Amino acid sequence: MPNGFSLEKFASHPFYEEVNRRLVTLTHLRPGEQVVDLGSGTGAVTRLLAEQVRNESGQVIAVDPSDSAIEVARRNLENLGDVVIRFVQGSAERLSQLVKLPVDAVFFCNAFHLVHEKEQVLREIRETLRKEGTFSFNTSFYQGAEPPESQRFYKRWMLRAMRFLRDEHGISPDRTKVEARIRLTEEEYVTLLSQNGFQIRDREVVTVQMPLKSFEDISEYSLWIEGVLPGVPLELGAEALKHGAREAFEELGLESSPRNWLLVVANRV
Ligand SMILES: C[S@@+](CC[C@H](N)C(=O)[O-])C[C@H]1O[C@@H](n2cnc3c(N)ncnc32)[C@H](O)[C@@H]1O
């Protein structure tokens with residue numbers, strides 16, 4: 001796979017920048033601030049943050065457990081100039097050990113839903129933030145992310161991908177390997193933050209229209225393939241998902257499919 005099963009291609013779609021940029025705008029960063037980009041991946045959000053805090057004392061600390069994602073981010077951001085970007089390999093569960101200074105803001109974009117121990121991670125984020133610092137996250141994996149009019153597409157996509165795998169390769173996903181991940185509702189996220197030392201400052205749901213190409217691109221992302229087709233080799237999973245997305249779009253006569261992103265900005269109390 002040319003992009004090594006990373007999020008890079010998907011992250012270059014304009015709607016993806018839109019939902020991340022909107023969260024950055026709602027947070028109101030200032031030049032010179034110290035910001036953590038948690039779960040920074042290939043650096044799409046890191047770039048937006050660097051643009052905001054850019055000056056001689058501004059710094060973005062990009063933290064991600066994946067060495068290969070950090071490598072891509074480092075390459076993408078090396079010519080940014082005028083701002084310090086530090087890359088740290090590690091996970092949210094250990095944030096306070098990885099980042100010692102109190103920072104002004106922590107961002108956790110498109111990744112908070114991946115964490116099982118959300119309360120522990122919120123404690124780590126609190127410990128890393130200065131008093132009244134901001135915690136901002138967005139996610140499109142919460143209960144309500146898939147509008148009713150998109151559900152036929154998702155069902156058809158998965159059915160067509162599985163039929164392709166079975167007919168062309170004689171394999172099926174291994175349901176015993178599926179990781180049970182509970183999707184929280186918007187209200188549950190809000191309550192979770194409120195009960196763990198944060199005060200909600202802003203929240204928004206942004207609906208974007210996703211074109212076929214974006215579904216083909218997310219079909220090449222390892223975490224997505226492993227999540228929806230557990231146990232299937234990445235190469236075959238990507239092929240099946242791309243095929244399934246194309247068939248579902250064609251059969252349903254779609255030009256795009258809508259998806260909701262939840263955006264939340266909170267202050268450390
Ligand atoms: C969908 S990507 C999002 C990347 C980037 N934040 C963005 O919005 O484009 C999710 C990222 O979360 C990272 N991740 C997964 N589990 C994590 C954890 N426990 N702590 C921190 N990051 C994690 C993955 O390695 C991956 O790079």
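Helix 2 (residues 14-27) and helix 3 (residues 44-53) pack at an angle of about 40°, and their axes lie 10 Å apart. Angles between 35 and 65 degrees are neither roughly parallel nor roughly perpendicular, so helix 2 counts as oblique to helix 3. Keep in mind as you look around that this is a predicted model.

Let's stay with this first pair for a moment. Helix 2 contributes Tyr16, Asn20, Arg21 and Val24 to the contact, while helix 3 brings Ala44, Val45, Leu48, Leu49 and Gln52. Sorted by class, the residues of this contact are 6 nonpolar, 2 polar and 1 charged. The crossing of helix 2 and helix 3 is right-handed.

The axes of helix 7 (residues 151-169) and helix 11 (residues 234-252) come within 7 Å and cross at roughly 130°. That angle makes helix 7 oblique to helix 11. Their crossing is right-handed. On the side of helix 7, the contact includes Arg152, Phe153, Trp157, Phe164 and His169. On the side of helix 11, Leu236, Ala240, Gly244, Glu247 and Leu252 are among the residues taking part. The contact of helix 7 with helix 11 has 12 nonpolar, 3 polar and 5 charged residues.

| Helix pair | Angle | Axes | Crossing |
|---|---|---|---|
| Helix 2 and helix 3 | about 40° | 10 Å apart | right-handed |
| Helix 7 and helix 11 | roughly 130° | within 7 Å | right-handed |

Next comes the sheet. In general, strands of a sheet pair through backbone hydrogen bonds, and they can do so in a parallel or an antiparallel way. In this model, 7 strands form an open sheet in the order 3-2-1-4-5-7-6, and the pairing is mixed. Which strands are at the edges? They are strand 3 (84-89) and strand 6, each of which pairs on one side only. From one strand to the next, the twist averages 15°.

Helix 8 (residues 186-194) lies across strand 6 and strand 7, and runs at about 150° to strand 6.

Finally, turn to the ligand. Which residues come nearest to the ligand? Of the 21 residues around the ligand, they are Gly39, Gly41, Ala92, Cys109 and Ala111. The shell around the ligand divides into 12 nonpolar, 7 polar and 2 charged residues.

Terms used. Residues are numbered from 1 along each chain as its sequence is written. This is a predicted model: local features need pLDDT of at least 70, side-chain atom pairs count only at pLDDT 80 or more; totals for chains, interfaces and linings use all residues. A residue is near a molecule or strand if its C-beta atom, placed from the backbone, lies within 6 Å of it. Ala, Val, Leu, Ile, Met, Phe, Trp, Tyr, Cys and Pro count as nonpolar, Asp, Glu, Lys and Arg as charged, and the others, Gly among them, as polar. Axes are lines fitted to C-alpha atoms, for helices over the stretch in contact, and angles run from 0 to 180 degrees between N-to-C directions. Helices (H or I, at least four residues) and strands (E, at least two) are DSSP runs, numbered from the N terminus. Angles under 35 degrees count as roughly parallel, over 145 as roughly antiparallel, 65 to 115 as roughly perpendicular and the rest as oblique. A crossing is left-handed if the near helix is turned anticlockwise from the far one by less than a right angle, and right-handed if clockwise. Two residues are in contact if their C-beta atoms, placed from the backbone, lie within 7 Å. Two strands pair if DSSP finds at least two bridges between them.
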